[in-house]
Amino acid sequence: MLWLKNVQIVDPAQDLAAVRDILVKDARIFEISVTFQEEEVQAKAEGETLEVLDGEGRLLFPGLIDVHTHLREPGQEEKEDIASGAQAAVRGGFTSVLAMANTKPVIDQRALVEFVRAQGERAGLARVYPVAAVTKGMQGQELVEMMDLAAGGAVGFSDDGHGIQNAEVMRLALEYAKLSCLPIISHCEDDALAAKGVMHKGLVSARLGLKGIPSCAESVMVARDLMLAEETSGVLHLAHISCRQSVDLIRQAKKKGLNVTAEVNPHHLIFCDEDVQLTKTSLKVNPPLRTADDREALLEALLEGTIDMLATDHAPHTWEEKARPFAEAPFGINGLETSLAAVWHYLIAPGILSVKRLLEAWSLAPARRFGLAGGSLKPGQRADMVLFDPDRTLEIKIENLASKAQNTPFLHTKLQGCPVMTWVGGRLVANRE
Amino acid sequence: MLWQRKHILGLENLSKEEISHILQTAKPMKEVLLRPLKKLPTLRGKSVMHLFYEASTRTRTSFETAGKILGADTASIAVAQSSVSKGESLLDTAKTIAAMKVDLVVIRHAASGAAAFLAEYLQAGIINAGDGQHEHPTQALLDMFTMQEEFGDLTGKKVVIIGDILHSRVARSNAWGLTKMGAEVTLVGPPTLLPPEMKALGVKMSHNLDGELEGADVVMALRLQLERQQSGLFPSLREYSRLYGISSQKLKKTGRKTIVLHPGPMNRGVEISSELADSPMAKIEEQVTNGVAVRMALIYLLAGGTSNVMA
């Protein structure tokens with residue numbers, strides 16, 4: 001049994017934000033109280049070894065759940081694999097991750113879903129939940145066997161990495177997926193409008209001579225998918241929303257009562273296109289970093305709940321791939337190990353975002369939307385939890401990263417606020433002490 | 001002034017003083033170029049490598065000529081025959097070149113930022129000979145040199161740049177450089193090739209050529225990449241030429257002695273009429289001569305020539 005004393009527990013599911021003692025037994029949260037007496041705890045332990053930890057000055061969160069990661073296995077293990085990704089996850093404060101299906105081969109059959117799940121279990125770190133593709137081979141044409149994939153453990157469907165260009169295919173996907181009750185996760189991007197751009201189309205792309213991706217490449221697809229979700233009563237989740245126009249559309253859709261949720265990536269809340277430089281490929285990401293005004297709209301949407309979730313869009317790439325001229329480097333930011341600390345540093349510490357909203361958006365809402373364990377520290381729940389030190393500085397260095405890749409814009413910087421211990425099912429899986 | 005820069009990556013970050021210094025240095029270089037025996041010992045023992053990832057005749061030849069007149073050893077990597085076509089990355093190619101201990105690398109590459117990328121990884125000085133749609137500083141410098149030969153001080157001179165501004169590194173470098181030198185720049189083109197975000201360059205923009213010609217001292221026509229039509233950026237060469245092509249007839253609207261520039265190679269009959277290209281108003285061949293002089297000045301400044309130019 002673990003007895004964690006004097007720790008500030010923040011758990012929006014119980015409306016709790018107070019210093020408490022917490023007991024963990026048999027992989028689950030056992031009891032929370034203002035304080036426990038030694039004899040009392042010994043009795044509850046029923047002879048089990050008692051481990052006592054003082055959490056003074058620290059916070060305890062339900063483990064974060066990241067609904068958008070690319071773990072690259074199978075097929076691109078030089079960038080990341082499920083074990084290294086899961087290790088990065090728990091070091092970053094994530095106890096569950098959804099792994100996207102754009103691997104090689106694409107996760108479009110039950111055996112592949114089961115493989116991803118099995119690799120996650122073998123690693124024994126974060127819980128790894130596979131997302132299956134929407135269409136076979138992500139070709140945007142024929143639907144996958146959704147029910148078989150769901151039976152194999154898929155928790156959602158997405159062709160993430162590509163937008164589904166054919167509106168009829170998207171409509172059919174939303175319609176058919178109702179059988180499974182699982183969400184379709186849409187990567188909203190119109191290929192013709194994005195037109196092989198490499199950053200946001202605006203003043204900065206004009207100045208740098210880089211081909212721009214206009215905001216409408218996203219927003220027209222958001223509009224389309226919302227209309228299709230309305231018509232089909234389908235379950236829709238919008239990945240990595242990046243611009244004000246999309247936010248406005250989602251706000252209206254929610255007013256109408258559509259079954260839609262949306263996520264935002266930390267980098268879109270922290271950076272904007274003005275931060276992009278020709279030699280800074282760590283900021284090359286899709287959807288691209290948009291304007292300061294878009295960033296403001298995203299933040300507002302997250303605060304008010306129009307955007308439901310935070311998600312990293314963890315996209316590891318090798319050093320060589322990113323050491324290229326901007327236009328030739330791949331899109332993507334490595335996020336699992338740095339995102340929580342970065343959001344703390346840039347948004348929580350300055351008082352822009354509350355800890356409660358952070359946990360709603362990065363733990364509770366993801367658990368509810370995708371039907372996952374976790375998201376709360378209520379007694380009886382599996383003990384997926386994170387001990388967080390708001391005062392400790394995390395220095396981002398290559399040798400400190402568990403991920404195989406280092407493509408983070410925070411490399412060689414210091415971030416204030418750091419997850420120090422992570423438990424999955426009551427087992428300590430990451431420890432910076 | 002004391003020259004301190006190691007690289008020429010673009011004109012956006014150069015000061016007016018630096019640009020003036022380069023143009024000033026190019027003057028005696030041009031005199032050398034016009035001599036019957038054009039050879040200086042100034043950079044003997046220095047080496048310049050030309051790394052051209054895009055087809056180029058005039059820019060590469062101009063750089064090679066400039067280096068040779070100054071006495072430097074020059075070599076070129078023609079990408080089609082090199083290991084680059086075997087899949088070697090720019091970084092590895094650059095490291096290989098660095099290992100040969102060259103003093104200067106002149107690079108042309110289709111990716112914006114390729115020159116800045118090399119500057120980040122290499123010890124050698126880098127001259128940007130055109131990076132994607134970003135900058136082409138030596139072209140803008142030779143354009144300004146040509147204008148100065150005609151007008152002297154560029155303050156208040158009206159320069160109209162016409163064509164595919166969106167995709168033009170020449171227009172970007174000229175906008176930065178000319179603005180610093182005090183000229184009044186107007187960019188002209190159809191809305192698809194001159195979209196609103198081009199206001200980032202901080203100069204006047206217009207879609208109406210006829211309305212902008214009055215009082216123009218310099219009219220610069222940009223080369224129209226014919227494949228832009230296939231991308232739907234303009235409907236036909238015929239319509240483009242009618243709206244944005246320049247001719248002697250149209251240039252009467254300037255009401256003054258205007259010079260015409262073109263970075264080459266020209267599409268005669270598209271952005272510029274044949275008779276105008278061959279008329280005395282056109283300084284297009286002078287631009288080529290001045291290109292050598294300006295590149296001599298840059299190679300001289302970057303390869304450590306600190307003594308008197310004529311020594």
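Let's start with one residue in this predicted model: A:L179 is exposed, since its relative accessible area is 53% and the cut-off for exposed is over 50%.

Now let's move to the place where the two chains meet. On the chain B side, 21 residues are in contact with chain A, and on the chain A side the number is 18. How much area do the two chains bury between them? It comes to about 1600 Å², and carbon and sulfur atoms account for 64% of that. Three residues of chain B stand out here: B:S112, B:F117 and B:E197 supply 29% of the area that chain B buries against chain A, more than any other three residues.

One of those names comes up again when we turn to charges. B:E197 pairs with A:K201 in a salt bridge, and their closest N and O atoms are 2.9 Å apart. Between chain B and chain A, the count of salt bridges is two. There are also four residue pairs in polar contact across this interface, with both residues at pLDDT 80 or more.

Finally, which helices shape the side of chain B that touches chain A? Here α3 (90-99), α4 (114-121) and α6 (169-180) of chain B each supply at least two residues. The most comes from α4(B), which gives five residues to that side.

How values were computed. Residues are numbered from 1 along each chain as its sequence is written. Chains are lettered from A and ligands numbered from 1 in the order in which they are written. This is a predicted model: local features need pLDDT of at least 70, side-chain atom pairs count only at pLDDT 80 or more; totals for chains, interfaces and linings use all residues. Side-chain values use heavy atoms; hydrogens and water are left out. Buried means under 20% relative accessible area, exposed over 50%, partly exposed in between (1.4 Å probe, protein chains only). Contact means heavy atoms within 4.5 Å. Buried area is the accessible area (1.4 Å probe) that two parts lose on being put together, summed over both. A salt bridge is a side-chain nitrogen of Lys or Arg within 4 Å of a carboxyl oxygen of Asp or Glu. A polar contact is a pair of N or O atoms within 3.5 Å; within protein, one must be able to donate a hydrogen and the other to accept it, and residues adjacent in sequence count only if both atoms are side-chain atoms. Helices (H or I, at least four residues) and strands (E, at least two) are DSSP runs, numbered from the N terminus.
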